[in-house]
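Please find below a briefing for a reader who is new to this structure.

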Number of protein chains: 6
Amino acid sequence: MHILVVNPNTSLEMTQTIREAAQAIAGDGVVVDAIYPDFGPESIEGVYDEVVSAYWTVDKVMSIADKYDGFILACFSAHPAIGALREALAQPVMGIMEASILHALPLGSKFSIVTTSPRWQPLLEEGVHVLGVGSRCASVRSSGMAVLDLEELPEAEVRNRLIAEAKRAVEEDGAEVICLGCAGMAGLEEGIHEETAVPVIDGVRSAVALVKSLIEAGAQTSKRNLYRPVDRRPANGLPSGIAKGYGN
Amino acid sequence: MHILVVNPNTSLEMTQTIREAAQAIAGDGVVVDAIYPDFGPESIEGVYDEVVSAYWTVDKVMSIADKYDGFILACFSAHPAIGALREALAQPVMGIMEASILHALPLGSKFSIVTTSPRWQPLLEEGVHVLGVGSRCASVRSSGMAVLDLEELPEAEVRNRLIAEAKRAVEEDGAEVICLGCAGMAGLEEGIHEETAVPVIDGVRSAVALVKSLIEAGAQTSKRNLYRPVDRRPANGLPSGIAKGYGN
Amino acid sequence: MHILVVNPNTSLEMTQTIREAAQAIAGDGVVVDAIYPDFGPESIEGVYDEVVSAYWTVDKVMSIADKYDGFILACFSAHPAIGALREALAQPVMGIMEASILHALPLGSKFSIVTTSPRWQPLLEEGVHVLGVGSRCASVRSSGMAVLDLEELPEAEVRNRLIAEAKRAVEEDGAEVICLGCAGMAGLEEGIHEETAVPVIDGVRSAVALVKSLIEAGAQTSKRNLYRPVDRRPANGLPSGIAKGYGN
Amino acid sequence: MHILVVNPNTSLEMTQTIREAAQAIAGDGVVVDAIYPDFGPESIEGVYDEVVSAYWTVDKVMSIADKYDGFILACFSAHPAIGALREALAQPVMGIMEASILHALPLGSKFSIVTTSPRWQPLLEEGVHVLGVGSRCASVRSSGMAVLDLEELPEAEVRNRLIAEAKRAVEEDGAEVICLGCAGMAGLEEGIHEETAVPVIDGVRSAVALVKSLIEAGAQTSKRNLYRPVDRRPANGLPSGIAKGYGN
Amino acid sequence: MHILVVNPNTSLEMTQTIREAAQAIAGDGVVVDAIYPDFGPESIEGVYDEVVSAYWTVDKVMSIADKYDGFILACFSAHPAIGALREALAQPVMGIMEASILHALPLGSKFSIVTTSPRWQPLLEEGVHVLGVGSRCASVRSSGMAVLDLEELPEAEVRNRLIAEAKRAVEEDGAEVICLGCAGMAGLEEGIHEETAVPVIDGVRSAVALVKSLIEAGAQTSKRNLYRPVDRRPANGLPSGIAKGYGN
Amino acid sequence: MHILVVNPNTSLEMTQTIREAAQAIAGDGVVVDAIYPDFGPESIEGVYDEVVSAYWTVDKVMSIADKYDGFILACFSAHPAIGALREALAQPVMGIMEASILHALPLGSKFSIVTTSPRWQPLLEEGVHVLGVGSRCASVRSSGMAVLDLEELPEAEVRNRLIAEAKRAVEEDGAEVICLGCAGMAGLEEGIHEETAVPVIDGVRSAVALVKSLIEAGAQTSKRNLYRPVDRRPANGLPSGIAKGYGN
């Protein structure tokens with residue numbers, strides 16, 4: 001089984017970290033590769049970044065998609081590349097927000113997402129709404145830090161702020177499960193679990209396990225209506241991966 | 001890894017069929033056992049049957065639960081034993097309705113459930129509503145057959161009626177994925193897929209794959225609020241498995 | 001008119017208290033009997049207790065159901081025995097959570113439920129969701145007390161904590177009506193009404209009045225789909241009341 | 001106990017019919033009076049009629065309200081007079097749409113409303129939505145007849161068309177209970193029940209039983225927020241009943 | 001283009017203020033007239049006031065409606081006159097609550113309404129619910145002031161309390177746009193925008209701009225179902241404007 | 001006032017047609033320009049096309065955005081470029097799906113969208129859901145034609161099929177207003193209005209009128225949370241318009 005983990009931002013370092021975490025959970029029988037796009041933002045901080053990163057992410061994935069049995073898009077959001085890849089490919093495609101929520105649902109009555117900057121709050125609330133699981137979501141909580149704070153503050157302070165927010169989600173909002181709302185939070189599970197005593201879900205781990213489960217069950221993306229591929233289009237100056245998705 | 005498949009009705013034959021299907025999808029590294037309760041209805045046809053079967057199913061599972069890493073309740077419904085076992089145990093517990101929906105969500109925009117008798121329609125609609133995924137459900141469709149028809153009609157007719165209903169779900173309701181709404185429909189996937197060209201999901205296969213994915217990801221049921229176990233209670237004439245859940 | 005009040009836990013004392021309250025509101029022309037199951041938990045604190053108590057409650061009721069014109073299930077929850085009895089019987093069956101909400105709706109725009117232990121919060125929220133009246137519910141509030149605190153703390157402290165929670169529901173959540181979220185809270189109406197100045201509803205009183213109103217209006221449970229009784233099944237070692245529901 | 005039934009249209013004949021039906025269900029111990037406004041439409045066919053009838057209905061009721069323990073507004077809609085009377089008075093006020101839905105909820109999983117002209121369909125759907133019980137409503141169905149048809153067609157044809165619509169609600173929409181969507185349909189319960197085999201609810205009967213149940217339970221309208229009476233206002237040429245509601 | 005602004009309360013002063021604000025935004029090519037009803041409350045503080053003011057407002061508008069291309073109802077609520085006028089007339093009719101929400105939606109993910117007395121909170125929440133945009137509404141917040149406080153407190157204090165509430169909506173509830181919840185708040189936009197840095201919407205300005213946009217686009221109210229005019233009715237003592245709506 | 005109409009597909013002909021229609025509705029005092037992206041699909045048929053067209057559309061708009069007071073994105077969908085432009089710019093940005101719905105809401109109780117190929121059905125349903133106005137949407141109906149049919153069938157047949165679908169929306173689904181679900185349907189309003197007698201809305205016309213109304217009201221996109229621009233990023237090989245949005 002070959003799984004491709006796609007980091008839609010252009011950080012090589014984060015890509016390697018995610019690949020190692022994914023390989024560890026995937027186990028020996030599964031080959032996990034990881035890629036990142038040739039161009040685009042180093043981190044995804046909003047809708048504009050999503051549009052830019054979606055284009056180059058789809059370009060990169062399409063050029064090598066044939067080799068893989070399933071795909072993971074490692075951005076905690078309803079990233080537009082997820083739908084585009086589902087349309088262009090038959091193999092299962094899983095985003096880490098969707099994966100962490102699918103794993104949270106059978107573990108407790110309500111989940112909360114803990115994320116970093118406040119701008120993600122409406123984006124993730126909209127993502128939860130689109131997934132159609134809004135009534136199971138206790139809250140989406142951000143730490144109230146500005147993006148620059150995240151880079152400049154000491155790691156311990158960032159961590160403590162996220163733990164504080166997770167505790168509020170559990171104690172004030174009724175969350176019974178916490179979803180870590182950023183691929184970059186991997187490794188914080190233990191600390192937050194110790195402080196809150198509820199399951200804490202890392203989306204990359206869940207996405208690997210769920211894509212494996214879909215591949216094992218023989219599942220393929222539906223080609224009825226929403227994800228039916230478009231007909232052939234001319235390449236017309238588009239990069240090769242994008243063009244390939246148009247049948248070139 | 002040890003997984004216990006629980007058939008909540010008292011049919012030995014169906015239990016064996018489900019166990020074999022579950023073992024096949026689980027693979028070599030996983031031991032799959034299957035049980036059924038000592039007392040209760042031979043099939044589950046409504047709320048009354050659920051209440052009776054939940055009691056004896058919980059009794060049976062509790063007496064041997066320590067040996068297993070995860071549990072599957074093989075009734076396509078929001079069966080009350082699912083919540084009771086989640087409360088009493090820490091290992092993941094998965095119902096086949098919930099599992100088939102969790103697998104359907106990433107494969108298409110809307111799923112439909114195709115079931116047998118019309119009485120299941122409101123029960124399953126309520127179950128989908130409780131799971132909180134109502135906006136993703138195109139329809140719950142029954143074949144309009146009476147329960148007795150199911151036993152007395154030739155298998156081909158039953159099959160054709162279910163295929164006809166699945167086609168209506170796809171063509172009239174906009175379903176992009178079909179969930180088979182009964183553990184006893186395993187084996188119909190291929191036929192319905194051929195006629196509808198959409199993914200068809202068997203809940204037992206999905207439940208095995210998902211419970212494996214939760215166990216691999218190290219997930220445990222939340223013990224905050226809803227699934228916090230009750231304190232010790234006296235056995236007072238209750239059967240031994242039930243009593244064990246009360247700390248005896 | 002004969003009404004049977006069913007206390008689904010095994011406390012004789014609570015059964016007698018509820019019966020007296022029910023008789024008082026029912027008036028002279030109505031005979032109110034009360035029963036409790038032969039086995040099961042002394043209080044209902046979660047899903048596991050519900051499964052156990054539902055089985056023995058249904059068994060008890062079925063053995064004497066013919067004598068009654070209507071039934072009240074005196075547990076403030078979406079207790080599974082309610083549906084099972086509706087399926088097996090034609091006479092109206094009313095749970096006290098549903099009754100108190102039906103009475104709250106015409107009295108104000110939003111109601112809150114005030115309950116005891118935090119584990120009831122997700123269960124009652126789910127119950128409100130299943131009833132389909134979630135948009136009218138301002139909040140479900142628990143007092144944050146552990147179950148043991150309830151038994152060990154002085155009555156005045158328990159009462160004050162519940163009053164404090166009711167005031168928060170009114171002042172912070174916008175509740176215009178308070179539903180007492182436990183059969184054992186009967187008698188607190190006056191105190192909470194004095195402190196909050198909003199209508200306070202005791203589910204037992206409302207259930208008696210509503211079952212009377214349904215009986216007077218000649219209403220019977222629908223036998224279409226959800227509550228259609230199952231066909232005859234063999235008794236096979238099941239207790240006599242349960243077996244009677246299977247046509248024995 | 002004194003109950004006032006308010007017919008908000010100006011038809012004396014319909015007022016008398018409703019009063020007799022209400023008295024019959026109320027029983028001997030209850031005095032039922034009935035009134036209709038001094039001015040306004042002879043039937044209520046839309047929002048414009050509602051605005052006109054609400055004004056004169058409130059005027060009429062306010063002038064004699066002190067004598068009554070509860071009120072029934074006998075128009076099957078979310079008629080604006082209901083809220084105005086709840087605000088001005090403390091005694092329970094019940095509309096017949098709300099009453100028939102409150103009685104339908106415990107009898108089956110889904111109800112449908114069968115009404116006359118198509119213009120009521122969006123109005124009643126909005127009314128159901130405002131009550132907050134949309135997820136329990138299988139459908140609002142009109143017979144597709146024009147208003148003039150209703151008066152000009154033979155009674156048997158009108159009746160047959162309504163029965164046909166009720167059957168469609170049951171067979172196609174999954175309704176388990178039928179609510180008659182017009183005060184003028186009283187008397188059709190039996191015929192529709194015979195053809196559909198589901199409970200058929202007449203709003204006037206349910207409203208009488210429910211107002212009695214609220215009075216018996218000692219309930220009063222909440223005076224918190226929504227239904228808090230306005231402060232005194234000058235009469236300034238307003239009719240005496242309206243002016244009385246302003247403290248004159 | 002001729003637009004009629006309808007102030008449904010009987011305050012001449014407020015009518016003139018609103019007319020001037022509306023004319024300023026409408027621009028030179030548009031004639032804006034303003035009226036108020038002959039009878040009714042000086043301010044609208046609840047459902048009772050709505051019923052009285054709707055009657056006299058409709059009466060006033062109907063007598064002069066032919067001269068206008070569109071109408072604005074200048075009460076921040078789901079005032080019943082809006083629907084009645086839509087039914088009786090073909091020209092677009094816009095309420096200022098609806099208008100301010102329609103303008104808020106494209107400017108941010110969530111809006112909040114800031115209003116005065118707490119009784120408006122449930123009324124406006126219901127209004128938002130009826131408009132069907134509840135999931136975009138972050139909160140409806142009142143300043144917690146009694147109606148008398150509003151008249152008696154110094155203007156600066158009223159203003160500061162409203163600004164404080166708007167800041168809470170932005171900082172605690174996630175509002176990205178603020179709608180001023182009362183026609184009388186015109187002029188506070190700047191102050192609240194300076195303190196919150198989010199767009200602040202005055203319903204009168206938005207209603208003028210939106211009615212103009214509908215007139216320019218050639219739009220007329222649908223006469224299918226909900227807003228189909230009633231057939232002719234006799235005048236029977238009704239005031240002339242009301243009677244005109246009945247075809248007299 | 002300067003308005004830029006953005007056609008996100010690469011068809012010059014459609015761009016010119018849309019520009020002329022927009023200018024006609026905008027009136028003499030408004031300058032309407034129109035552009036299309038340098039690269040990308042000639043029509044937008046799904047999520048993959050959206051991702052490609054969003055990138056090049058944003059690139060094109062960003063390079064000339066300073067000259068305009070407002071923007072219209074002329075694709076009938078929740079196109080990702082809308083959010084990206086709202087984030088990068090302060091001037092109002094309006095999509096034609098959102099605009100046609102905002103205009104439909106005050107004209108009738110329910111609207112339907114009539115579109116071409118069936119794949120748009122789930123995409124538009126999701127778009128309506130994200131806008132938060134699902135309860136006002138009677139249906140999204142496609143004509144059931146394949147994409148190739150649209151190009152190859154005679155215009156009259158395409159037109160007749162769309163009219164047939166609009167009639168079904170009105171007669172079967174209860175639509176009171178029809179939204180034309182494709183920028184290319186401009187000109188069909190009259191024909192569909194004649195056959196259905198309900199208002200028919202062309203999104204381009206509504207978007208022009210609404211953007212004008214927002215500009216006249218002085219509205220700007222909120223910069224709180226969702227649409228807060230990202231901080232400066234390096235250009236790193238990105239095209240000049242995209243790079244400009246990153247502060248280069």
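F:Ala197 lies in the loop between α8 (189-196) and β8 (200-201) of chain F, where helices (H or I, at least four residues) and strands (E, at least two) are DSSP runs numbered from the N terminus. Its phi is near 65 degrees, a positive value in a residue other than glycine. The model is predicted: local features need pLDDT of at least 70, side-chain atom pairs count only at pLDDT 80 or more, and totals for chains, interfaces and linings use all residues. Residues are numbered from 1 along each chain as its sequence is written, chains are lettered from A and ligands numbered from 1 in the order in which they are written, and side-chain values use heavy atoms, with hydrogens and water left out.

**Positive phi values**

- Most residues other than glycine have a negative phi.
- F:Ala197 counts as exposed because its relative accessibility is 55% (buried means under 20% relative accessible area, exposed over 50%, partly exposed in between, with a 1.4 Å probe and protein chains only).
- F:Asn236, which is not a glycine either, has a positive phi of about 40 degrees.
- The loop between α9 (203-216) and α10 (240-245) of chain F holds F:Asn236, and this residue counts as exposed at 53% relative accessibility.

- Strand β5 (residues 111-115) of chain F runs parallel to β7(F) and is joined to it by 4 bridges; two strands pair if DSSP finds at least two bridges between them.
- F:Val114 has F:Leu180 as its bridge partner in β7(F).
- The pairing of β7(F) with β8(F) is also parallel, over 2 bridges, and F:Ile178 stands opposite F:Val200 in β8(F).

**The four-stranded sheet of chain F**

- An open sheet is formed by 4 strands of chain F in the order β2-β1-β3-β4, with parallel pairing.
- β2 (31-35) and β4 (93-95) of chain F stand at the edges with a single partner strand each, so one side of each is left without a neighbour in the sheet.
- From one strand to the next, the twist averages 20 degrees (axes are lines fitted to C-alpha atoms, for helices over the stretch in contact, and angles run from 0 to 180 degrees between N-to-C directions).
- Strand β1 (residues 2-6) of chain F is joined to β2(F) by 5 bridges, and F:Ile3 has F:Val32 as its bridge partner there.
- Helix α3 (residues 80-88) of chain F packs on the sheet and touches β3 (70-73) and β4 of chain F, its direction making about 170 degrees with that of β4(F); contact means heavy atoms within 4.5 Å.
- Helix α4 (residues 96-104) of chain F lies across β3 and β4 of chain F, at about 80 degrees to β4(F).

**Chain A and its relation to chain F**

- Chain A contains 10 helices and 8 strands.
- Of the 248 residues in chain A, 64% are buried.
- The C-alpha atoms of chain A fill a box of roughly 55 × 40 × 35 Å along the principal axes.
- The same surface serves both copies, as 100% of the contact residues of chain F recur in chain A.
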